[in-house]
Amino acid sequence: MIGWWRRRGQATRFEWYVRGSFYSQIALSPLLVGFLVQLEVTRLGLAVVVAGFVVLTVVCLLLVRAGINAYLGLRARPTALILTGGALTAAGTAAAFAAYPHPTPEQPDGPATAIFIMLAITYVSALCAAVRPRATLAVVLASCTVNALTTDGAAALALAFLLTSVVGAYRVLLWMLGVVRELERARHVQAGLAVAEERLRFARDLHDVVGRTLSVVALKAELAAQLARRGREEAVEEMLEVRRIAQDSLTELRAVVGGYRAADLDVELAGARALLASAGIQCRVIGDGGALPPQLQSTLGWVVREGITNLLRHSEARSCVVTLRSQPAGVTLTMTNNGVPAAAQAVVFGGGLIGLTERITALGGVVSAARTPPDGFQLSVELPVPVAAPAVAA
């Protein structure tokens, strides 16, 4: 049960807490009203009162469920349930005062007052989840007016304070739920923008470096074609120039791709921390790779980049731990995060992990990826350290 709860996201947990607060208060209404009037009514009357409250409770629970969904924009406002709950409350109030019009002996009021107060609390609690506060307060005002006509002003003021407190507390809970859901959506959007920004940067680098060269190649090739049609010997020189430009362009392209993939490990770790922090994800780095050979730093930096990209795209992580451990024979980089959806049971190697595996395997290393309970994911990369390379302390 605990593991199942931990696999839920923060927004989902808070939503269930809000719903549970509404449901639990409303579900207790039949028990509370039975406890309040049990000494003042007959057994048959008590059974009728409790049965009526059970019907109203079911309607109000449905009203709360539909009202919260409407507040979150998942469905339309439940007008039919609002009217049904109001009709049941009014009918119950009229029936209570008709059945018990007089106060109980040696008591300031009769069971009808207790029944009416519980009806008002139950319906108002459900109503404030489905309509705006001013509409709920109008119902509160009507309830207090009825209470003032049947009892005294002090009791009406006490009921007004109680109902207003209920409305205020539950509306604050709903407002907080909306804020939490909005923050959750913003976090996903921000993570997606971070990945898109990295892709845009790479595309921009390719355009800036290669685009100009390809334009020159096209112009040179067109000039060579025109010269060849005229039988000019300069066409050969132009084509040789095209070949030279193409070779230079290939060199520049390799430099761009190499610069994109060959990243400094410390720079990538710092960038990962900043990127995850901006997305609301805690990131902790254990170990230091400053003394590793440049080739290993470049490869591990690419691992960090790929791991962070997968984390942002395929999880709802709230925390991430990057661990770098070095031994005389090799170095291990482990990335662990939570927030993996419960539906994702098996780890499927996509294009990113396949490319990562190919690169690591070519260097004699091993890549492993697995789910960790309750909702975690672990990516581990082991690479051998060259004999002449200095080791680092984890």
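Predicted model: local features only at pLDDT ≥ 70, side-chain atom pairs only at ≥ 80, totals over all residues.
1. Salt bridges overall. The model contains six salt bridges, counted as a side-chain nitrogen of Lys or Arg within 4 Å of a carboxyl oxygen of Asp or Glu. Side chains of opposite charge can pair when their charged atoms come close. Three of the pairs are taken up in the points below.

2. R19 and E15. These two residues form a salt bridge, with 3.1 Å between the closest N and O atoms. Both belong to helix α2 (residues 10–27), where they sit four residues apart, about one turn of the helix. An α-helix has 3.6 residues a turn, so residues three or four places apart point the same way. R19 is buried, and E15 is buried as well.

3. R244 and E241. In this salt bridge the N to O distance is 2.4 Å. R244 and E241 are separated by about one helical turn because they are three residues apart in helix α9 (residues 234–261). The salt bridges that share partners join E15, R19 and R181 into one network.

4. E234 and R232. The closest N and O atoms of this salt bridge are 3.3 Å apart. E234 has a relative accessibility of 32%, so this residue is classed as partly exposed. R232 is likewise partly exposed, its relative accessible area being 40%.

5. Faces of helix α7. Which residues of α7 are buried? They are T136, V140, S143, C144 and N147. Viewed down the axis of α7, these buried residues fall within an arc of 100°, and therefore they line one face of the helix. R134, L141 and L149 are exposed, and they are carried on the face of α7 turned away from its buried side.

6. Points to check against the structure. For α7, view the helix down its axis, where the buried residues lie within an arc of 100°.

Terms used. Residues numbered from 1 in each chain as written. Heavy atoms only, no water. Helix = DSSP H or I, 4+ residues; strand = E, 2+ residues; numbered from the N terminus. Buried < 20%, exposed > 50% of the residue type's maximum accessible area, 1.4 Å probe, protein only. Arc of directions from axis to C-beta.
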